[in-house]
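Student: Please pick one part of this protein and look at it closely, then set it in its surroundings. I would like the terms spelled out along the way.

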Amino acid sequence: MKKTLIAMSVLLSSVSCFADEGKTTTKAEASQAATANTQAPIELDKQYIVLPTNPSPDKEVIEFFSFNCPSCFRFEVQNQGPQAIGKALPKGVKFKRYHLESFGPLAKELAQAWAVANVLGIEDKASGALYNAIQKDKIIKKADDIKAVFEKLGVSGEDFDKTKEGFLVKAFMVQQAEAIKEMKPESIPTVIVNRKFYIVPNGLDMASEEAFINDYARVTAFVAGLDPNAKIVKKTDSDKK
């Protein structure tokens, strides 16, 4: 599993927080990518790969992220990736987002804050506010600064602390930690479907940021409809003819 995900992380150079972000794409390259990828057939080992893990009992899509990750900020806040994916998913598929607990400053506290936001039902507002506070305004230096962000959202410091220590937040933290331990995401943002299928960002349409997000949603929705318990057979070149 570890070797598989390390190999997968190499494919994430376009969006990963651990990637070299200095590479640029010329207009000619973008044009070629658009021609090659526009509504490209969705194929195993191109836009998604199969993980050597046990599938989840319920249909679900999990995104691993961190408020400390600039690539996650671009994917989630600037390009509205989760919103596009959520809208595209088939009915009955749950969309879960889990915050890494060991990436960047105050990682554990931010993971707890994310659990609080989910329990209070303000995850969308809290997500944008925390991303902006860290990535744009750079005002989160200590744990109390996280609480201050919630206070601006209408959650008193007392309610924040009470919720953080409550059973529901602790249960969310356990689920989050177990998913991270099981999936072992090597790069973020990472999207995994039914704990069995990994979406490969470099296999998606790179013509533009909008095209990339739309293709991400399209491929994720398609893969969410696959049976994770079925035997997956990769098509050969002769099969495609």
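Tutor: A residue is called buried when its relative accessible area is under 20%, exposed when that area is over 50%, and partly exposed in between, with a 1.4 Å probe and protein chains only as cover. Helices (H or I, at least four residues) and strands (E, at least two) are DSSP runs, numbered from the N terminus. The model is predicted, so local features need pLDDT of at least 70 and side-chain atom pairs count only at pLDDT 80 or more, while totals for chains, interfaces and linings use all residues. Residues are numbered from 1 along each chain as its sequence is written, and side-chain values use heavy atoms, with hydrogens and water left out.

The protein has 11 helices and five strands, and 46% of its 241 residues are buried. Taking contact to mean heavy atoms within 4.5 Å, 78% of the contacts between residues at least 6 apart in sequence join residues at least 24 apart.

Strand β2 covers residues 60-65, and because six of its six residues are buried, β2 is largely enclosed by the rest of the structure. In a regular strand the side chains alternate between the two faces of the sheet. Here both faces are covered, with Glu60, Ile62 and Phe64 buried on one side and Val61, Glu63 and Phe65 buried on the other.

Two strands pair if DSSP finds at least two bridges between them, and β2 has partners of both orientations. Six bridges join β2 to β3, which run parallel, and phenylalanine 65 has histidine 99 of β3 as its bridge partner. To β4, by contrast, β2 is joined by four bridges in an antiparallel arrangement, in which threonine 190 of β4 is the bridge partner of phenylalanine 64.

Apart from neighbours within four places in sequence, Phe64 is in contact with Tyr98, Leu100, Ala179, Ile180, Met183, Pro185, Ile188, Pro189, Thr190 and Ile192. Two of these residues, isoleucine 188 and proline 189, are joined by a cis peptide bond with omega near -5°, and proline 189 lies in the loop between α9 (167-183) and β4 (190-193).

In soluble globular proteins, nonpolar side chains tend to be buried together. A nonpolar core is here a set of buried Ala, Val, Leu, Ile, Met, Phe, Trp, Tyr and Cys residues joined through side-chain atoms within 4.5 Å. The largest such core has 41 residues, and Phe64, Phe67, Leu130, Ile146 and Phe150 have the most contacts inside it. The elements that give two or more residues to this core are β2, α3, α5, α6 (123-136), α7 (143-152) and α9, and α5 gives the most, with seven residues. A second, separate core of 22 residues includes Val61, Val193, Ile213 and Ala224.

A polar atom of the asparagine 68 side chain lies 2.9 Å from the backbone oxygen of phenylalanine 103. Not counting residues up to four places away in sequence, asparagine 68 touches Phe103, Gly104, Pro105, Ala107, Leu110, Ile134 and Gln135.

Leucine 106 sits in the loop between β3 (94-99) and α5 (107-120). It has a positive phi of about 55° although it is not a glycine, and it counts as partly exposed because its relative accessibility is 22%.

Note on methods: Polar contact = N/O pair within 3.5 Å; in protein donor to acceptor, adjacent residues only side chain to side chain.
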